[in-house]
Amino acid sequence: MSQAGLLAQRSLKESLRTPEALLPTLFIPLFFLVVNVGQAAKIFPSGATPFLMGQNYAAFQLPSSVLLAASFGSAALYLVEDIEGGYFDKLRASPVARTAIVFGRLASEAAKSVCITTVMVLVALPFGIRIASGPLGFLLLIALAAGWAVVFSGFMQLIALKTRSAAATNSAGLIFFPLLFLTPSFVPRPLLTRPMEIAATFNPVTYIMEGLRSLILEDLNWATIARGFAVVAILGALMVTLSVRTIRNYD
């Protein structure tokens, strides 16, 4: 754990040295939130739309922006830099646990996601959005978003280790956009067409989004929340296992 902590500090310092790389992580999700709400808010007025549960459409769209922000991690690109610069080989040659190498960068991405999600929610509050599940729900929302950041960063790290290419790693990040749009991002799942409903049901991101949305729109719905955390736990364990195995077999 001490090794992972030191590597996480190093990863955070890498991000702080390039603050301009963090601005798109906050700006682009907020931009999509404003655009989506501007296009559809009149179609779904708060007083006449049951699935909004008394809130405005921005509250329904906020989870999509939170997930988008959590998918802008830079850990994999920094890992490619380490591979190209030779630092990664030095790490492998030193007595550092392979799990610490993986957890170090993932922990830094989780920490960044906590900060960015907190800022996004605080920015959204003056626009009439409230966290219906209260302070505990707010903490769970941040934890779930950070969990997804870990999962997605783990996937990106795996691509980086396999390809050792910044271009390939950067392109692999685009896979999130189909996953995001194959979710009930604009309306709840029951209002989707049958093909879209089937696709959303088999999309793991759906359950994370529904977990985030339930924390914002309603009191603690433990079944929905548990499904979101279960998906994060399963995918996170899978990504960590594959990343550690890849590092051990790295040549």
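In the predicted model, isoleucine 208 touches Leu67, Leu144, Trp148, Gly228, Val231 and Val232, leaving aside residues up to four places away in sequence. Isoleucine 208 also belongs to the largest nonpolar core, which holds 70 residues. Within this core, Leu67, Phe88, Trp148, Phe176, Ile208 and Ile216 touch the most other members. Two of these, Leu67 and Trp148, are among the contacts of isoleucine 208 itself. Helix 7, spanning residues 134–163, gives the most to the core. Its share is twelve residues.

Aromatic contacts were examined next. A search of the whole structure finds eight aromatic pairs. One of them joins phenylalanine 44 and tyrosine 57. The ring centres lie 5.1 Å apart and the planes meet at 25°. Planes under 30 degrees apart count as stacked, so this pair is stacked. The pair links distant parts of the chain. Phenylalanine 44 sits in the loop between helix 2 (23–40) and helix 3 (57–70), whereas tyrosine 57 is in helix 3. The two are 13 residues apart. Both phenylalanine 44 and tyrosine 57 are buried.

Tyrosine 57 has a further partner in phenylalanine 60. This aromatic pair is also stacked, at 5.8 Å centre to centre and with 15° between the planes. Tyrosine 57 and phenylalanine 60 are three residues apart in helix 3, so about one helical turn separates them. Both of these residues are buried. Ring pairs extend the arrangement into a cluster of Phe44, Phe51, Tyr57 and Phe60.

Arginine side chains also meet aromatic rings. Arginine 213 lies over the face of phenylalanine 60, a member of the cluster. Its distance from the ring centre is 3.6 Å. Phenylalanine 60 thus has tyrosine 57 as a stacked partner and arginine 213 over its face.

The backbone was considered last. Most residues other than glycine have a negative phi. Methionine 53 has a positive value, with phi near 55°. Methionine 53 lies in the loop between helix 2 and helix 3, the loop that also holds phenylalanine 44. Methionine 53 is partly exposed, with a relative accessible area of 40%. Phenylalanine 44, by contrast, is buried.

How values were computed. Residues numbered from 1 in each chain as written. Predicted model: local features only at pLDDT ≥ 70, side-chain atom pairs only at ≥ 80, totals over all residues. Heavy atoms only, no water. Phe/Tyr/Trp six-rings, centres within 6.5 Å; stacked < 30°, edge-to-face > 60°. Helix = DSSP H or I, 4+ residues; strand = E, 2+ residues; numbered from the N terminus. Buried < 20%, exposed > 50% of the residue type's maximum accessible area, 1.4 Å probe, protein only. Lys NZ or Arg CZ within 6 Å of the ring centre and 35° of its normal. Core = buried A, V, L, I, M, F, W, Y, C linked by side-chain atoms within 4.5 Å. Contact = heavy atoms within 4.5 Å.
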